[in-house]
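Please look through the chain shown here before reading on. The paragraphs that follow lead from the overall fold to one helix, and then to the core.

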Amino acid sequence: MSVIGFIRNHWVPTPQQMNQSSARVIKNSDSDGDKLLTQSELGIRPENFSKVDKNNDQLADVKELNAYTPFRQIFKEVKGS
Ligand SMILES: [Ca+2]
């Protein structure tokens with residue numbers, strides 16, 4: 001198994017780590033300071049944003065970011081955009 005595969009299968013963040021990660025993403029990307037991220041603030045494709053935005057209000061909050069399991073994909077996409 002590759003290192004990436006091992007991490008993907010075995011690294012499960014604690015709720016506190018998830019909150020910290022989500023808060024960091026919001027802090028870095030929240031251009032209007034409302035503590036919520038739009039699709040363009042988050043910088044991911046609309047089809048991926050719809051997976052994050054569970055209540056369909058077009059905004060991603062900490063809980064929605066926490067619940068989005070392939071979280072590292074967001075970092076990859078934000079980094080690559
Ligand atoms: Ca939402």
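What pLDDT does the chain average, and what percentage of the residues score at least 70? The average is 82, and 77% of the residues reach that score, pLDDT being the predictor's confidence in each residue, from 0 to 100. This is a predicted model, in which local features need pLDDT of at least 70 and side-chain atom pairs count only at pLDDT 80 or more, while totals for chains, interfaces and linings use all residues. Residues are numbered from 1 along each chain as its sequence is written. Among the elements of the chain, helix H3 (residues 39–42) has the highest mean pLDDT, 94, whereas helix H6 (residues 71–80) has the lowest, 54.

The chain holds six helices and zero strands, where helices (H or I, at least four residues) and strands (E, at least two) are DSSP runs numbered from the N terminus. Of its 81 residues, 16% count as buried; a residue is buried if 20 or more other C-beta atoms lie within 10 Å of its own, exposed if 12 or fewer, and partly exposed in between, with C-beta atoms placed from the backbone.

Helix H2 can be followed in some detail. Ser22, Val25 and Ile26 are buried in H2; seen down the helix axis, the buried residues fall within an arc of 95 degrees, so they line one face of the helix, the arc being that of the directions from the axis to the C-beta atoms. The face turned away from this buried side carries the exposed residues Gln16, Gln17, Gln20, Arg24, Lys27 and Asn28.

Serine 29 also has its place in helix H2, and it counts as partly exposed because it has 16 C-beta neighbours inside 10 Å. Leaving aside neighbours within four places in sequence, serine 29 is in contact with Leu37, Glu41, Leu42 and Gly43, contact meaning C-beta atoms, placed from the backbone, that lie within 7 Å.

The largest nonpolar core has ten residues, among them Val25, Ile26, Leu37, Leu42 and Ala60. Helix H2 (15–29) and helix H4 (46–52) each supply at least two residues of this core. Such a core is a set of buried Ala, Val, Leu, Ile, Met, Phe, Trp, Tyr and Cys residues joined through C-beta atoms within 7 Å. Leaving aside neighbours within four places in sequence, alanine 60 is in contact with Leu36, Leu37, Leu42, Val52, Asp53 and Leu65.

Technical notes: Two residues are in contact if their C-beta atoms, placed from the backbone, lie within 7 Å.
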